[in-house]
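We will go from stop to stop, picking residues and looking around each one.

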Amino acid sequence: MRFCVNAGFILGLMIAGGCEAAPGEDPSGTFQIEEIASFDRPWALTFLPDGRMLVTEKPGSLLLVSADGDKLEVAGVPEVDFGGQGGLGDVVLHPDYSENSMVYLSYVEAAGAAQGEEDTRGAVVVRGRLELTERGAALEDLEVIWRQTPKVTGRGHFGHRLLFDDNGYLFISSGERQKFTPAQDMAQNLGKIIRLHDDGSIPADNPFAESGGVAAQVWTLGQRNPLGLAFDADGQLWEIEMGPAGGDELNLIVAGSNYGYPVVSNGDHYNGDDIPDHHTRPEFVAPEVWWTPVISPGGLMIYSGELFPDWQGDAFAAGLSSKSLVRINLEGEPAEVQRFAMGERIRAVVQGPQGAIYLLEDGKDGRLLKLLPAA
């Protein structure tokens, strides 16, 4: 059975590449697509309480976007080190944003004289107040609350997705920066999931808190390039990450666990060298779902809205090289159940406040798309 996205109603918009075959497809789940705006290499979006959005562009701009696509650049964004996979990254609101106007950004900074060797860089998380007036928008009182340690050469695998839980803890995904071994090195916070208080301080109940140093920040280790974080309805954290040549992973995140990279992976090194599969090392947590060929996940969302009732509780992965939106059933034995061919690299997937699904395309003219049930 094959599934096609129903998108013909919007200005002749075509979904390139035809339909993707996927196990367990349900052809009654078609949707319409509304194009809202386009951006220069967009990376993330989040919704303000009034329905407007904040969208990051990787070269370094943060934009305030209305529901109909009007854009206003937000002043006060820090200078970013743009190149490769690096630049301005995620944007999230503090859980008490309505009272404190606090916004959190992740981005890549180059090393200064006091931070590391020349030509090194790493991800940073900052927070500041978003001031909205009739004259414009600006971030004020910015402060750095976290840095990848150490800064290293290269421009890949920053991760730097941000997510708050219901208790106000901030989770940060930190890629291993294409250096492999840091993912198993507790003296570095690369290749890990990090858990912090909202001000960047370390919770006393973190699994490695007694170790001190950067190890105290760590929630889990053995991650490669984690680009998606999401909580399900039970408060369980899920993470999705890019594998090497094969072996993209969807992981159920349990505090203190080791997910094995680079000792094990269901993929291989890009030069063809074998990496032992997870089942060969039972001390490492195996992925709940893995993909070979890869989907190249760019983001993760678990749906809880009412517009698509049949999808409640399902996870959705943004597919980059697969140019797709991937639906994953999390009940029982999690598995991909549907794949929508979108024709463009998909960087992010977010649920809107009314239950619509929003996608950001990757690239210089990446569009913001709104998915609604078919008419």
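Does Arg347 count as buried or exposed? Select Arg347 and see: its relative accessibility is 8%, so Arg347 counts as buried (buried means under 20% relative accessible area, exposed over 50%, partly exposed in between, with a 1.4 Å probe and protein chains only).

A word on the ground rules before we move on. This is a predicted model, in which local features need pLDDT of at least 70 and side-chain atom pairs count only at pLDDT 80 or more, while totals for chains, interfaces and linings use all residues. Residues are numbered from 1 along each chain as its sequence is written, and side-chain values use heavy atoms, with hydrogens and water left out.

**Around Arg347**

Arg347 sits in strand β24; helices (H or I, at least four residues) and strands (E, at least two) are DSSP runs, numbered from the N terminus. Now show what Arg347 touches, leaving out residues up to four places away in sequence: among them are Pro42, Trp43, Arg161, Leu227, Glu361 and Asp362. Contact here means heavy atoms within 4.5 Å.

Next, step back to Gly343, in the loop between β23 (335-341) and β24 (346-351). Its relative accessibility is 13%, so Gly343 counts as buried.

**On to Asp90**

Select Asp90 in strand β8 (residues 88-93). With 5% relative accessibility, Asp90 counts as buried. Beyond its neighbours within four places in sequence, Asp90 is in contact with residues including Trp43, Thr56, Tyr104, His160 and Leu162. Draw a line from the side chain of Asp90 to the backbone nitrogen of Leu162: the distance is 2.8 Å. For His160, the C-alpha distance to Asp90 is 6.8 Å, although the two are 70 residues apart in sequence.

**A side-chain pair**

Go to Arg367 in strand β26 (residues 366-373). Arg367 counts as buried, at 15% relative accessibility. Its side chain and that of Glu35 are joined by a polar contact of 3.4 Å; such a contact is a pair of N or O atoms within 3.5 Å, where within protein one must be able to donate a hydrogen and the other to accept it, and residues adjacent in sequence count only if both atoms are side-chain atoms.

**Backbone stops**

- Thr149 to Pro150: this peptide bond is cis, with omega near 0 degrees. Pro150 is in the loop between β11 (136-147) and β12 (159-164).
- Thr292 and Pro293: a cis peptide bond again, with omega about 5 degrees. Look for Pro293 in the loop between β19 (289-291) and β20 (297-302).
- Arg41: phi is near 55 degrees, a positive value in a residue other than glycine. The loop between β3 (31-39) and β4 (42-47) holds Arg41.
- Ser101: phi is positive here too, about 60 degrees. Ser101 lies in the loop between α1 (97-100) and β9 (102-110).

**Zoom out**

Colour by accessibility, and buried residues make up 58% of the 375.
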